[in-house]
Amino acid sequence: MTIKKLHYISGLIITGFIGIHLTNHFYSIVSVEEHIRVMDNLRHLYRNLYFEAILLGAILFQVISGLKLFLFKRKTAILFFERLQVWSGLYLAIFFIIHLSAVLVGRHFLQLDTNFYFGVAGLNTFPLNLVFIPYYGLAIMSFFGHIAGIHNTKMKRNVLGITPFGQSIIISMIGVCLTVFVFYGLTNRFRGVTIPSEYNVLIGK
Ligand code: HEM
């Protein structure tokens, strides 16, 4: 099997997790308590040795194979969605390394519950939010941009009269809209979230 095929298969595993992870973040629109309740329930599914070993193994493989594919493809990618796929893939690889390191350090060294407050401490603190807004925003949009790029290559037919290019534009736009909704929830309707004192270590207080 080629590296490209394996990259595609491990990408499907990771997409399964990201689907539930982003749905979880979407629940922050209802309330912080609801976000935490949904995460507590979802953790029964993904916080176990087997699931996490498969997920983290798939991500490690995805990052290494993705960086190889990036080096190989970056010069030959010419069309808009080819370029979007290649560059969003690079961002996702960097994001995965930073995001997972942060979660694992938070959980095992800082002994924090890596819940809603852990995720949004920086996002709700000035001037750290100047980094966290593009950091998280680009991650969600890159995820959808990457899928839009793959869709544009693989899809060969129109749906409801919409060309594969148009369909990929719609996928990208869903990513942009989801980012706005998720940010609305994670920042408590843009008014800000009060971070409990045990998370002060994350925001230099
Ligand atoms: C809106 C921005 C995001 C925030 C605030 C956020 C926050 C978090 C938090 C708090 C955790 C720990 C979960 C737990 O302890 O149960 C986590 C885990 C994780 N996140 Fe995110 N995340 C965001 C976006 C993303 C995106 C876009 C991706 C992928 C492209 C991603 C991938 C992951 C992965 C793979 C884990 C590890 C799951 C595990 O094994 O525990 N996150 N994130």
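A crossing is called left-handed if the near helix is turned anticlockwise from the far one by less than a right angle, and right-handed if it is turned clockwise. With that convention, α4 passes α6 in a left-handed crossing, whereas α6 passes α7 in a right-handed crossing.

The model is a predicted one, in which local features need pLDDT of at least 70 and side-chain atom pairs count only at pLDDT 80 or more, while totals for chains, interfaces and linings use all residues. Residues are numbered from 1 along each chain as its sequence is written.

The protein contains seven helices and zero strands, where helices (H or I, at least four residues) and strands (E, at least two) are DSSP runs numbered from the N terminus. Read along the sequence, the pattern is accordingly α-α-α-α-α-α-α. The C-alpha trace spans about 50 × 35 × 30 Å along its principal axes. The radius of gyration, taken over C-alpha atoms, can be set against a globule rule of 2.2 Å times the number of residues to the power 0.38. For 205 residues a compact globule would have a value near 17 Å, and the protein, with 18 Å, agrees with this. Buried residues make up 24% of the 205 residues; a residue is buried if 20 or more other C-beta atoms lie within 10 Å of its own, exposed if 12 or fewer do, and partly exposed in between, with C-beta atoms placed from the backbone.

How do the helices meet? The axes of α6 and α7 come within 8 Å and cross at roughly 165°, where axes are lines fitted to C-alpha atoms, for helices over the stretch in contact, and angles run from 0 to 180 degrees between N-to-C directions. Angles under 35 degrees count as roughly parallel, over 145 as roughly antiparallel, 65 to 115 as roughly perpendicular and the rest as oblique. The crossing of roughly 165° therefore makes α6 roughly antiparallel to α7. By class, the contact of α6 with α7 has 14 nonpolar, nine polar and no charged residues; here Ala, Val, Leu, Ile, Met, Phe, Trp, Tyr, Cys and Pro count as nonpolar, Asp, Glu, Lys and Arg as charged, and the others, Gly among them, as polar. The axes of α4 and α6 also come within 8 Å, but cross at roughly 140°, and these two helices are therefore oblique to each other.

The ligand is surrounded by 24 residues, of which the closest are Val-103, Thr-114, Gly-119, Tyr-136 and Ala-139; a residue is near a molecule if its C-beta atom, placed from the backbone, lies within 6 Å of it. The elements that give two or more residues to this shell are α1 (3–26), α2 (32–46), α3 (49–73), α4 (80–108), α5 (116–120), α6 (129–154) and α7 (164–186). By class, the shell divides into 17 nonpolar, five polar and two charged residues.

Some backbone details deserve attention. Most residues other than glycine have a negative phi, and most peptide bonds are trans. In this model, however, a cis peptide bond with an omega of about 5° joins Phe-126 and Pro-127, and Pro-127 has its place in the loop between α5 and α6. Leu-160, although not a glycine, has a positive phi of about 50°; this residue is in the loop between α6 and α7 and counts as exposed, with 6 C-beta neighbours inside 10 Å. Asn-188, in the segment after α7, likewise has a positive phi, near 50°, and is partly exposed, with 16 other C-beta atoms within 10 Å.

A few pairs of residues show how stretches separated in sequence are placed in space. Thr-179 lies in helix α7 and counts as buried, with 20 C-beta neighbours inside 10 Å; Thr-179 and Phe-132 are 47 residues apart in sequence and 13 Å apart in space, C-alpha to C-alpha. Val-63, in helix α3, is partly exposed, with 19 other C-beta atoms within 10 Å, and its C-alpha atom is separated by 12 Å from that of Leu-100, 37 residues apart along the chain. Phe-118, found in helix α5, counts as partly exposed with 19 C-beta neighbours inside 10 Å, and the C-alpha atoms of Phe-118 and Lys-205, 87 residues apart along the chain, are separated by 14 Å.
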